[in-house]
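Q: How should I read the features of this structure, one at a time?
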Amino acid sequence: MSRAPSRRRGVGDSPEDAALAAIDRPVSLFGSALAGRPLTLQLAPAADQAAAVTLTPAPLARLDPRLPWGAMRIEVLRHVVQLQAGGRWQFERAEAAARGLIGPHVAVMPGDPLQQCLASWSRPVLLRRLFRIIDGGRVDARIEQQFPGARADLQTLRSATLERIGDSTRPLHVLQRLALGVGDPLQELPLLAAALRDTATVYDSLQAAIGLCALLGHGRRRDDLALPHWLVIEPPPPDPGLPGTDGDGGTPLDPAASYVPQAMRHARLRAGTDDPTPLRAAPGQGTTASHEAATVEGRRPDDAPARPASAAEVTRHDEWNYLEQRYRRAWTQVHEHPLRGEDLQFLARLRQRHAGLAANIRRRIGKVRPLGRERLRHTRDGDEIDVEAAMTERIERRAGQAGDLRVYSALQPARREVCTAFLLDISGSTGFLVPDREASADSAALDDDPYFYASPRRRLAPPPPRRRVIDVAKDAIALMCDALARLGDRHAVWGFSGDGRQQVDFYLAKAFDEAWSAHSAAALARLEPKGSTRTGAAIRHAARKLARQPERLRLLIVVTDGYPQDSDYGPDPEDIDYGLRDTAQALREAERAGLAVFCVSVDHAAHDYLRRVCPASRYLVIDDVGALPEQLSNVYRQLTRRGAR
Amino acid sequence: MSAPLEPSVPPAEAPWYQPVGDEIALFEAAYEARMPVLLKGPTGCGKTRFVEHMAWRVTPQAPLITVSCHEDLSASDLIGRYLLLGDRSVWMDGPLTRAVRSGAICYLDEVVEARKDTTVVIHSLADHRRILPIDKTGELLQAHPDFLLVISYNPGYQTVLKDLKPSTRQRFVSLEFSYPEPALEATIIAHESGVELAQAERLAAIGHKVRNLREQGLDEGVSTRLLIYAAQLMVRGIAPRRACTVAIAQAIGDDPDVQQAVNNIVDVLMP
């Protein structure tokens with residue numbers, strides 16, 4: 001996995017960028033393997049001394065490549081732990097609500113539920129610090145448990161933190177020591193006990209943080225006296241072995257702890273509320289980032305690409321009607337539109353923006369470069385005698401058999417027989433903005449983290465412009481073209497959209513025989529979201545064009561962002577089944593014609609319908625649009641690796 | 001020219017096999033009905049061992065005959081050919097023909113790799129006819145009642161061009177294999193290598209994590225076989241991390257990034 005290209009902060013080839021590019025792949029492979037899901041790396045937000053993982057959006061791990069390797073690895077492990085069940089990225093608002101962890105200042109806004117939860121209490125900045133300390137301790141304990149080999153690195157980091165705190169008696173530092181496993185939390189801060197259990201989850205950390213936050217202000221600010229209902233302050237029953245534990249000073253406690261407000265030492269969770277079993281979550285209160293329609297100035301979905309006035313080339317295609325189990329002959333009309341673009345800088349910008357990624361893709365695809373010339377054995381004609389075949393022939397004749405005379409071996413021409421067509425869905429929905437998992441990151445970065453940072457406040461980079469699904473898809477395809485052009489593989493780029501069966505638009509951004517240049521890239525850049533998705537017709541058209549190519553292995557890679565949909569795609573426009581089955585039929589036709597078809601979807605729900613359209617080995621659903629370029633190259637590599645022989 | 005290399009008698013002891021699901025019962029039922037069996041699954045997950053074990057159970061009288069298929073394997077490699085013997089030419093049965101005659105289980109490993117002409121042979125043996133036409137001698141061989149055809153293939157590195165045809169696939173009962181759950185895999189590693197269970201569990205955990213890379217461009221995950229190799233090296237005194245490097249990280253590919261990632265996985269999971 002690589003970092004999401006659209007979200008890079010800063011531009012160009014800073015030393016940090018270069019350093020990140022160097023560690024990018026091994027580190028993200030490492031994290032992805034441990035997390036069991038793709039993990040994207042990103043440069044730490046600013047050139048500071050350390051990197052934070054805990055509060056950055058999943059599945060993006062931010063790393064400062066200048067950190068020592070061990071420290072960086074711990075950062076990745078922290079992220080991995082937070083992605084597990086009970087971790088920060090599995091945080092559900094409903095469960096938090098059920099445990100009474102949502103404060104009085106609830107703001108209804110989209111975004112990360114944990115951030116919202118933290119913001120719903122008074123003094124959110126303090127709360128966030130407390131949470132980071134406690135949750136950091138929880139996560140590190142988990143790392144220690146699960147990854148015994150990382151203990152030494154963890155210990156180094158821990159000692160550095162402890163050294164920095166020294167003997168400080170500030171409540172936060174006392175807390176931090178406890179969270180790092182120094183001291184006895186049961187005695188000093190009973191509230192923390194639940195959060196330091198082996199089975200503690202992010203909710204336990206949050207609960208402890210909220211409790212402590214309330215207590216730190218207890219008695220200072222009158223208006224904050226209302227404690228969460230699950231928090232009680234009660235002196236523990238006097239222990240005969242320990243005189244003075246009823247808490248009025250002069251106790252044999254750690255002197256540091258005596259600076260902690262007395263109430264804290266006696267506060268605990270109300271019985272029953274620290275039950276570790278998860279509470280029932282209300283269904284439907286999801287945490288998914290919602291798509292936002294593009295409202296970028298001058299890029300409204302309906303203003304491009306302009307339909308040429310001249311009569312486009314029209315082809316009719318059949319459509320499969322699953323309701324009647326027969327084809328509707330010549331049902332759709334596909335209009336071909338050659339595209340010309342003016343943005344000749346697109347390619348240059350792309351290469352500049354994605355220099356690291358482009359190199360990565362080239363390297364991967366380059367691996368499938370053939371192979372040299374292959375010797376075919378047992379042929380009728382050739383440049384050498386195949387000794388083994390000749391002997392067999394001779395023996396069989398001796399035995400009275402008629403041999404087949406295939407006694408030669410021949411060198412196969414060294415052509416790399418692959419051609420690829422990219423078919424890009426440019427329907428209106430591709431104008432949606434890429435869900436921005438980073439939306440809340442800036443607010444998180446506002447306060448410094450006493451646990452992970454020694455440094456004061458950071459300057460903030462300006463937020464990168466939001467990008468749409470189609471922008472990412474175009475970049476991905478352009479990067480592929482760039483790599484394929486170097487490799488010498490022929491390729492074409494087509495886009496499709498439409499408006500009813502009479503008007504399926506098929507845009508030719510790059511033809512097979514056209515060289516990949518700034519002009520063809522500009523044509524690709526010209527593709528803009530519009531219309532609907534009559535996938536079946538587009539695939540049939542693409543397959544027909546592709547089938548004319550002479551190569552042995554012909555790939556059709558369909559990139560889409562949603563299920564097939566058109567105003568008259570089937571008798572009932574609400575019924576997606578018709579479109580799906582027609583698409584499935586079109587894919588089967590293409591396979592039967594000897595094409596290799598692969599579908600890539602960036603729609604989260606795509607598993608549900610792609611499964612019905614094609615076999616699992618022929619499609620891929622990408623959760624993170626930003627990963628599209630890299631995934632495309634993977635697909636290409638896998639499809640051609642053996643087939644290229 | 002293949003010569004008969006298989007042992008002529010079955011092994012005295014049952015090859016050890018750790019059942020994962022109901023595959024033993026399924027295979028026995030399939031054998032009783034003489035239905036050919038297709039084993040599907042990634043490399044090193046125990047397909048071959050399973051067949052060895054089952055052959056020992058269901059055909060104790062005849063040894064299992066295994067053919068590892070490769071790109072140059074043609075039908076005559078399976079059926080047999082004329083060989084020169086002195087100044088005579090003598091017909092020599094191929095492994096498949098021997099199995100068909102003697103009533104053994106014939107196991108064609110990685111069958112998609114073989115040349116296309118082998119399917120013709122497989123088809124007539126794998127349906128109700130159970131016959132093997134030997135065109136070179138003109139013989140039409142009826143299979144021994146105990147004979148069974150078992151094939152395997154690995155859908156992982158099957159490609160667009162190399163796939164089992166439906167007409168072939170639909171002649172077989174399919175048993176799907178995958179790498180076992182970590183706990184079960186640990187038992188297997190411990191049994192096969194003699195390493196202590198705690199270490200075997202760590203290896204199984206490493207295997208589990210490395211397999212997550214399959215979606216990330218690694219073509220095949222690390223196999224149970226490789227994990228056992230690593231354990232066997234450890235038993236013989238190689239340091240655990242080194243053993244994992246040579247048996248796992250280096251073995252699953254040549255991509256330095258992947259190797260670095262795998263080495264780090266090993267490093268954080270090994271105490």
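Q: Which residues of helix α19 (residues 606-613) of chain A are buried?

A: This is a predicted model, so the answer is computed from predicted coordinates. In α19 of chain A the buried residues are A606(A), Y609(A), L610(A) and V613(A). Because these residues cover an arc of only 100° around the axis, they lie on the same side of α19(A).

Q: What do the buried residues of α19(A) pack against?

A: Their partners are α18, β14 (595-601) and β15 (619-621), which belong to chain A.

Q: Where do nonpolar side chains tend to be in soluble globular proteins?

A: In such proteins they tend to be buried together. Here the largest nonpolar core has 54 residues. The members that touch the most other members are L34(A), L77(A), F147(A), I189(B), L203(B), I248(B) and V262(B).

Q: Which elements give two or more residues to this core?

A: From chain A they are α1 (15-35), α2 (69-83) and α5 (124-146). From chain B they are α7 (182-193), α8 (197-211), α9 (224-235), α10 (240-249) and α11 (256-269). The largest share, eight residues, is that of α2(A). A second, separate core has 49 residues, including F422(A), V559(A), V600(A) and Y636(A).

Q: What is I248(B) in contact with, leaving aside its neighbours within four places in sequence?

A: I248(B) is in contact with L203(B), I206(B), V222(B), L227(B), A230(B), A243(B) and V262(B).

Q: How many aromatic pairs are there over all chains?

A: The count is 10. To read a pair, look at the ring centres and at the angle between the planes; planes under 30 degrees apart count as stacked, over 60 as edge-to-face and the rest as tilted. For Y322(A) and Y578(A) the centres are 6.5 Å apart and the planes are at 55°, so this pair is tilted. Y322(A) lies in the loop between β5 (313-321) and β6 (326-338) of chain A, while Y578(A) is in helix α18 (residues 576-592) of chain A, so the pair ties together parts 256 residues apart in sequence. Y322(A) and Y578(A) are both buried.

Q: Where in chain B do Y17(B) and F50(B) lie?

A: Y17(B) is in the segment before α1 (23-32) of chain B and F50(B) is in helix α2 (residues 47-58) of chain B, so their pair ties together parts 33 residues apart in sequence. The pair is tilted, with 5.1 Å centre to centre and 55° between the planes. Y17(B) and F50(B) are buried. One aromatic cluster is formed by Y17(B), F27(B), F50(B) and F177(B).

Q: Which ring does the charged end of R501(A) sit over?

A: R501(A) has its charged end over the ring of W331(A), 3.8 Å from the ring's centre. In chain B, R211(B) lies over the face of Y179(B), and the distance to the ring centre is 3.9 Å.

Q: Is S124(B) buried or exposed?

A: Buried means under 20% relative accessible area. S124(B) has 5%, so S124(B) is buried. The residue is found in helix α5 (residues 118-125) of chain B. Its side chain reaches the backbone oxygen of V121(B) at 3.3 Å. Not counting residues up to four places away in sequence, S124(B) touches R129(B), R130(B), I131(B), L132(B) and P133(B).

Q: What does L84(B) count as, at 42% relative accessibility?

A: L84(B) counts as partly exposed. L84(B) is found in strand β3 (residues 80-85) of chain B. Leaving aside neighbours within four places in sequence, L84(B) is in contact with I395(A), R398(A) and S89(B). By contrast, L178(A), in helix α7 (residues 171-179) of chain A, is buried at 2% relative accessibility. L178(A) and L192(A) are 14 residues apart in sequence, and their C-alpha atoms are 8.6 Å apart in space.

Q: How many helices and strands are there in chain A?

A: Chain A has 20 helices and 15 strands, and 55% of its 645 residues are buried. Among contacts in chain A with a separation of 6 or more, 70% are between residues 24 or more positions apart.

Q: How many are there in chain B?

A: Chain B has 11 helices and nine strands. Of its 271 residues, 53% count as buried. For contacts in chain B with a separation of 6 or more, residues 24 or more positions apart account for 72%.

Methods: Residues are numbered from 1 along each chain as its sequence is written. Chains are lettered from A and ligands numbered from 1 in the order in which they are written. This is a predicted model: local features need pLDDT of at least 70, side-chain atom pairs count only at pLDDT 80 or more; totals for chains, interfaces and linings use all residues. Side-chain values use heavy atoms; hydrogens and water are left out. A nonpolar core is a set of buried Ala, Val, Leu, Ile, Met, Phe, Trp, Tyr and Cys residues joined through side-chain atoms within 4.5 Å. Buried means under 20% relative accessible area, exposed over 50%, partly exposed in between (1.4 Å probe, protein chains only). Helices (H or I, at least four residues) and strands (E, at least two) are DSSP runs, numbered from the N terminus. Contact means heavy atoms within 4.5 Å. Rings of Phe, Tyr and Trp (its six-membered ring) pair if their centres lie within 6.5 Å; planes under 30 degrees apart count as stacked, over 60 as edge-to-face and the rest as tilted. A charge sits over a ring if NZ of Lys or CZ of Arg is within 6 Å of the ring centre and within 35 degrees of the ring normal. The arc is that of the directions from the helix axis to the C-beta atoms. A polar contact is a pair of N or O atoms within 3.5 Å; within protein, one must be able to donate a hydrogen and the other to accept it, and residues adjacent in sequence count only if both atoms are side-chain atoms.
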